[in-house]
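Open the model in your viewer and keep the selection tool at hand. The stops below say what to select and what is there.

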Amino acid sequence: MALEYLPAGLGNLYAPRFEIEIENTRLAANMSKAVMDVTVDEKIDEGASLTLTVHDEFDMESQTFKWLDHELFNVGNTVTVKIGYESDVVPLFIGNITGIEPDFNSGETPVIKIKCQDLSYDLMKRPSPERTFVNMSYSDIVRSVAREAGLSVEAEETERRAGPVSKTAQESYFVFFCRVAQRIGFQFRFDLRTLYFSRPSDDKKEILQLNLGRDIVRFSPRLNTA
């Protein structure tokens, strides 16, 4: 499909809109207007992170900030970001608040950066104790860890291992699964609530065609051997 045909099915709109839910509750209109920026950073080998930049207000009478200590932004709260066009929005990020960074600058409006990590962060990305899996296939190992983390999983079947498979204490489960996947020619990734462990899908057809000068303003490839 060429990019030029997409607007017809999207109400002829190019500019997307976003919705934010915190603890399964959609933000009220006054709160949504305070959100200045939504940035989702996705990396194949690291998962996803989210940064919300919020415009804050200071009440001179109560000497308090409107959003800085608001319960919406308690560390650990679950945040869902949806993006799309008109009423057609889909989830782009689901995770938990892991950090709050207020920024106060004389003469400028105070802002708060709300930092979030996806649902795989606690178990999958933090280093954890050494662990050995015995008489299990790689796909069984992935399913077992996913259940422990309360995550969904789609794992393609692999042969049962004759010997033990060990994860070192220096590795997170994320790094461990990436290493295992590379060893057997699989791919490992995490998206929203689901772990995927399967063979590469190199035979799929393209879903979008982009042309320089029409759809792409600038194309700047890089090669980095580091």
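Select helix H3, residues 138-149, together with helix H4, residues 173-184; in this predicted model the two pack at an angle of about 160 degrees, and their axes are 11 Å apart. An angle over 145 degrees counts as roughly antiparallel, and H3 and H4 are therefore roughly antiparallel to each other. Their crossing is left-handed.

Which residues of H3 meet H4? Show side chains for Tyr 138, Ile 141, Val 142 and Val 145 on the H3 side. Across from them, in H4, show Tyr 173, Phe 176, Phe 177, Val 180, Arg 183 and Ile 184. Coloured by class, this contact between H3 and H4 has 9 nonpolar residues, 1 charged residue and no polar ones.

Val 165 belongs to strand E12, residues 165-167. Is Val 165 buried or exposed? Its relative accessibility is 5%, so Val 165 counts as buried, the cut-off for buried being under 20%. Now pick the C-alpha atoms of Val 165 and Val 134: they lie 6.5 Å apart in space, while the two residues are 31 apart in sequence.

Next, move to the sheet. Select strands E2, E1, E7, E8, E9, E4 and E3, which is their order across an open sheet of 7 strands with antiparallel pairing. Which strands are at the edges? They are E2 (25-26) and E3 (35-43), each of which pairs on one side only.

Within this sheet, select strand E1, residues 17-22, and strand E7, residues 78-85. E1 and E7 run antiparallel and are joined by 6 bridges.

Finally, clear the selection and show the whole protein chain. How many helices and strands does the chain have? There are 4 helices and 14 strands. The C-alpha trace spans about 70 × 45 × 35 Å along its principal axes. The chain has 226 residues, and 31% of them count as buried. Among contacts in the chain with a separation of 6 or more, 56% are between residues 24 or more positions apart. The Val 165 stop showed a pair of residues set 31 apart in sequence and 6.5 Å apart in space, C-alpha to C-alpha: Val 165 and Val 134.

Notes. Residues are numbered from 1 along each chain as its sequence is written. This is a predicted model: local features need pLDDT of at least 70, side-chain atom pairs count only at pLDDT 80 or more; totals for chains, interfaces and linings use all residues. Side-chain values use heavy atoms; hydrogens and water are left out. Axes are lines fitted to C-alpha atoms, for helices over the stretch in contact, and angles run from 0 to 180 degrees between N-to-C directions. Angles under 35 degrees count as roughly parallel, over 145 as roughly antiparallel, 65 to 115 as roughly perpendicular and the rest as oblique. A crossing is left-handed if the near helix is turned anticlockwise from the far one by less than a right angle, and right-handed if clockwise. Contact means heavy atoms within 4.5 Å. Ala, Val, Leu, Ile, Met, Phe, Trp, Tyr, Cys and Pro count as nonpolar, Asp, Glu, Lys and Arg as charged, and the others, Gly among them, as polar. Buried means under 20% relative accessible area, exposed over 50%, partly exposed in between (1.4 Å probe, protein chains only). Two strands pair if DSSP finds at least two bridges between them.
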